[in-house]
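Colleague: I am new to this model and would like a close look at a single part of it, please.

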Amino acid sequence: MTAGNAAGNRAGHNARQIDGPPGDQIAVRRSGRRGSWILLTLWLAPLIFLGAFYFYPLAGILSASFARREGNLLSPFLAALTSTSVRSIFAFTVYQAVLSTLLTLLIGLPGAYLIARYDFPGKALLRALTGVPFVLPTLVVGAAFTALLGPAGWINQALMRLFHLSQPPIDFMYTLAAILLAHIFYNTTIVLRMVGDFWSHLDPRLGQAAEMLGATPMQVLRKVTLPLLAPAVAAAALLVFIFDFTSFGVILVLGGPRFATLEVEIYNQTVSLFNLPLAAVLALIQLFFTLLLTIVYTRLAARVTRPLSLRPQRFTLRRLTTIRQRLLAAAYIGLLVLLLVAPLIALAARSVTRVESSTRLPPGQSDQGITGATAQRGGFTLDYYRELNINRRQSLFFTPPATAIGISLLYASATVLMSLALGIPAAWALARSETSWANRAMDPLLMLPLGTSAVTLGLGFIITLSHPPLNMIGSPWLVPLAHTLVAFPFVVRSLTPALRSIRPRLRQAAAVLGANPLRVFRSIDLPLAGRAVLVAATFAFTISLGEFGATAVLARPEYPTVPVAIYRLLGQPGALNYGQALALSTILMAVAMTSMLVIERMRIADVGEF
Amino acid sequence: MCSRKYVWLPLIIFLLSACAAPAQTSSAPRTLTVMTHDSFAVSEPVIRAFEQANNVKVTILPSGDAGTALNKAILAKNNPIADVLYGVDNTFLSRALNEDIYQAYASPGLANIPNTFKLDPQNRALPVDYGDVCLNYDKAYFSSKNLAAPQSLEDLLKPEYKSLTVVENPATSSPGLAFLLATIGHFGEDKYLDYWRGLRTNDVRVVNDWNTAYYTEYTRAGGTRPIVVSYSSSPVFELIEAEQPKDGTPAPQLSEPPTAAVVSDGSCFRQIEFVGILKGTKNQDLAQKWIDFMLSPTFQEDMPLQMYVFPVNSGAKLNDTFTKYLINPQITAGVDPQAIADNREAWIQAWTEAVLR
């Protein structure tokens, strides 16, 4: 693997010359006996965690599924591989994931640049707002998009009025476009955060030097900035792709029944058709593809990462000075608001709008049905919020919103702590050496939980964690553990590019001066990667706050999280329940946004403090 | 610097307490674990009374939708994680019985339950409640357009009802499957696909779940479809769950359901939900008491307002609103449970081919 680095592509070569002597490159790959012991120690906790809560349940469900097969072990594989419908589902899964990822990068990268390089009013708010979609349940997002773009949605209504049309001009729901837009809506924040934060620490003097030497801005972007950003972009793209590739709720709610991804088909085969062997094969295909992609990524990331002089953010930020800059920034922010924030506003607006129609029936019809009809459908109301605190039916599982928020925050905090405790050692181990066999074996494995079918793994939890040695069913710890499984890869992917980019000479110098590895980490790595730790924490927090699938199954019904409480309300008829579900979703958005603004302020240690 | 050390403290406490097994004292009440689908609900006083009377702590284990919960019970068959499974309905019953997860129990409560609900003669699965899946329509829409409301399944094929109907996908939704079964019972196994092709020509909309159909597509919630597949009871719940503003403003109080169900003969499918004792339970006595309790009038009368389903016990009394407004179908579409067991997958696949592809 060193060959790729030694030869280097042109851009890489340029970058290295600007940045530092090649000595850095070689030093990073030299790890002695002591080094490999440290690596093994670092991997111990993540390995135990993944072994107990991922591989053990997965092996359990796969063996139970294949035990139900007819014929030999190969027959379900043959059935899946020869089936044309499986092939077309796989093709569609990859197709929509590639499209979604490219579009998300297209929308996200300019935003990452804007956030990384410029200071402008409302920046913190914009960052927090763009992270909110991550926590919203798909059913609610479906409702928000309908309110915005559905046949009776605001945009169609406005267009019809404006151009005197008799039919809504935009046919949006249940199309590929709806799926793509929802994926962009959910995942742009990954690009904004992962790439934006890495970018903000890149030394702008590299680009400035190139410009001084006569490079055009395009050349600077292509030959200097993008190659340096590559590790962060690749990490973000990988996460976005895996999220889109395993998409379930978005496809069901916004794509409708005509579209199916592998994950949707796994659900169908498992629940509706009870063909567990086929479901297991599909889950393995999904897993294998994720693994393949991650291996490609790991090889690529090792090649493109190079040590840099990361700079404190306050030295890299500029103001928008020229009119052209301001106009471009405003146009881009407008687009972002339209794509990511408008659905949120639509949702919040619906939660204070009366759903109940009180139209009087026309004369001749029985009009005694409706009395005192003064409040109009569409009128303003806070009833849904008030009702949230009332347990009219003395229901056993009634939970006031404050309690549900408390439970959600508790689980989210536990997830942050656990995923950082596991993710920091793992990322640090990965950053120390790229050639060690331990790293090369572990790195691709870390992403597997994200690429695993939630339907399959959920069944695995039930059959393996319900009896000794790990009897945990009903334990409140299962929820944050399951959330950590999803958050852990995010933490590792956010941290590794930053840690890898730290010049090894700094660590070496510290070591020479007598610092032990822990001290080196605390005094060199943590301050330099402080922002990345924050980004990782934010991801872990929002993932836990919004997670529904695992929580619904693992959480005790008397301790529901906010998303679980929302789904409970959505399962019941009547305007009051629906209104309450939207009100609770709005509260969830507010909680997510406040939390993210708070996390933003908790600068663990920015480079500036170094 | 010093404070940084303590960042790890809560984590260590957290992990330690996660490892510690919960201590059990001998005087504590025994625990009964009831596995259900996510929609299970009960009033607190009702369940507390049962717990006190039997010195038991009831743990409810919601395990996903009905199909997922059943799958879990089947996969954990050798190592049951619960004593009782509630929520398997007549579309999934054959799977539960074929997998042999229940043990028989002839509860005395069965005496008050009409035979039409008892689909398992061996009493491994005992009926608890029912709900009729029917077409619903938005009264205001039809009166404002001066259009007659639909009265039968056949009506949906009429040109004036083009683009007015939304149904759920039978592969992903339980009312969706129930409605497919209604059309099979009504039109027969050889004709139902023709009906669905006709619906497709008339621009029926298919969505994946009841929520999207009822809360996004239905005109009541601002959608464009005034006809939706839901339950015969949904109109009454529209009335009961209507907004009741408490801010003193004159309320748009409804005194009659704003929607109605199409309940003509053979146009609805009756979903019956069952409970059974899981084989391998170590609390058989308690499990039997729980089943007796679920079939008793106390629990049965609590169900309608908690779970939106209706009692099978003919001794259970219904709330006044229901007796006044609930209109149930006289004759539901009949599909032989054995035929459902044999053809479930084939019907869903044939439907998918005819309607979605």
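Which residues does G111(A) touch, not counting residues up to four places away in sequence?

Modeller: This is a predicted model, in which local features need pLDDT of at least 70 and side-chain atom pairs count only at pLDDT 80 or more, while totals for chains, interfaces and linings use all residues. Residues are numbered from 1 along each chain as its sequence is written, and chains are lettered from A and ligands numbered from 1 in the order in which they are written.

Leaving aside residues up to four places away in sequence, G111(A) touches L192(A), Y332(A) and L336(A), where two residues are in contact if their C-beta atoms, placed from the backbone, lie within 7 Å. G111(A) itself sits in helix α6 of chain A, residues 84-117; helices here are DSSP runs of H or I with at least four residues, numbered from the N terminus. With 24 other C-beta atoms within 10 Å, G111(A) is buried, a word used when 20 or more other C-beta atoms lie within 10 Å of a residue's own, the C-beta atoms being placed from the backbone. The C-alpha atoms of G111(A) and I333(A) are separated by 7.9 Å, although these residues are 222 apart along the chain.

Methods
Helices (H or I, at least four residues) and strands (E, at least two) are DSSP runs, numbered from the N terminus. A residue is buried if 20 or more other C-beta atoms lie within 10 Å of its own, exposed if 12 or fewer, and partly exposed in between; C-beta atoms are placed from the backbone.
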